[in-house]
Amino acid sequence: MASSTPATETWLLENGNIKPLSKGMRHGHGRSHGRTAHNVSSSSLRKKSDLTLVRKVPCAIVRDVLANVQEVIFGTKLFVLFIAIPFAILAHYRNFGRSWVFGLSLLGLTPLAERVSFLTEQIAFFTGPTVGGLLNATCGNATELIIAIFALMQHKVDVVKYSLLGSILSNLLLVLGTSLFCGGIANLSKEQKYDRKQADVNSLLLLLGLLCHVLPLLFRYAGVGESAAITAEAVLQLSRVSCIVMLIAYIAYLIFQLWTHRQLFDAEAEDNEDDDAVDEEAVLGFWSAFAWLVGMTLIIALLSEYVVGTIEAASESWGISVSFISVILLPIVGNAAEHAGAVIFAFKNKLDISLGVALGSATQIAMFVVPLCVIVAWIVGVRMDLDFNLLETGSLALAIIVTAFTLQDGTSHYIKGLVLLLCYIVISACFFVSNRPQTQPNVVHLEGIMRV
């Protein structure tokens, strides 16, 4: 971009394609475009676009459209997965099989999640760090939130709980574990260090969220002598109060992150910048980025509706439980791009970014998306509480505690990552065998054994 002529930059500015920012503008207010660890992580999967051919197009409107398509669609290394989106729509309307619709929709969601992060960053170039940070705080897990809302509208409360629980578990154990393990293997000769301050804040919020999950469960077991209806109503009211408290805590966290203690969250990004990870200028205009963001969100909503509507069919077709699909498969596929970025930066010995992605996403799900879903369910008349049952809540508690112990000393090595990964494998096996549908031949074979 720096080599472009003034005339080229003029028409690009007029058509909303690019807005070069000087370093003074970028750093005058401590990262003026509100870049976070999520943005830095996602940028590892982006490609620099070559607009040489686009600039030769004589028609300004066509040139503008092609430049936008080049940046948004082909600006990611995952662009090949976009082909799954039209195939998912075709499979839905041609009745190719509901399990096919489910699988193709999951693949289509993978690049969309990364592109939403890219588009929010482009908007943040024009809105400043505060609005940019708020955009990341609300859009960072847009895929999980949209899937959860569609599941709520179809009264599939268990799918909502399973998918949100799976997002927290995958971030704390799978993403963080893989990052620490790969980073430790790739940097055996170096002592890996990271800033504990950000990790301590996220761990504290996760423990508060865990308390809000554990109390409704304990309350249900404590009210054994009461009628089931009275206990269920009390658990529901306690959950709604707890969700209001969690949202207040999340708002305080945003104030802490964006205003009062911004240096704790910006320092790791500034210290770990490199030419491949950081865009020096906006490549989309504000209204172009906003229009693309709206379009991407609508496509995510469409695919989310397909996923929610076909999850039971996929469970029956594939012979695995809905709980395993929701807890394990949905989070892995939906956040694959962000997770891959975290691992890439761990290879580069930049653990602050990896921790910012894993812990930041887990905190956002636990303290914002989960309570927001309970409040939305309350508004639409669906009874959703924070009682995730004993198995799910126990898995969440152990994951948070193990992660907090892992990050307590500010240093890392591969054995820490390996332990987190093994914890995730055990939890995955637990959900794989729970509620697994049994085929009739197995039942007949078991009855034959019992007779013998």
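Helices, numbered from the N terminus, are DSSP runs of H or I with at least four residues, and the expected span of a helix is 1.5 Å times one less than its number of residues. The structure described here is a predicted model, in which local features need pLDDT of at least 70 and side-chain atom pairs count only at pLDDT 80 or more, whereas totals for chains, interfaces and linings use all residues. Residues are numbered from 1 along each chain as its sequence is written, and side-chain values use heavy atoms, with hydrogens and water left out.

Helix H11, which covers residues 196-222, contains 27 residues and extends 37 Å from its first C-alpha to its last, close to the 39 Å expected at 1.5 Å a residue. At the start of H11, the backbone nitrogen of Lys-197 has a side-chain oxygen of Asp-195 within 3.1 Å.

When residues up to four places away in sequence are not counted, Leu-355 is in contact (heavy atoms within 4.5 Å) with Leu-176, Leu-180, Tyr-194, Ala-199, Gly-360 and Leu-407.

Phe-290, in helix H14 (residues 286-318), is partly exposed at a relative accessible area of 39%. Although Phe-290 and Ile-123 are 167 residues apart in sequence, their C-alpha atoms are 6.9 Å apart in space.

Two asparagines in loops call for separate description. Most residues other than glycine have a negative phi. Asn-95, however, has a positive phi of about 55°; this residue is placed in the loop between helix H6 (84-93) and helix H7 (98-127), and its relative accessible area of 67% means that Asn-95 is exposed. Asn-349 likewise has a positive phi, near 65°, and is located in the loop between helix H16 (336-347) and H17, where Asn-349 counts as partly exposed because its relative accessibility is 24%.

Terms used
Buried < 20%, exposed > 50% of the residue type's maximum accessible area, 1.4 Å probe, protein only. Polar contact = N/O pair within 3.5 Å; in protein donor to acceptor, adjacent residues only side chain to side chain.
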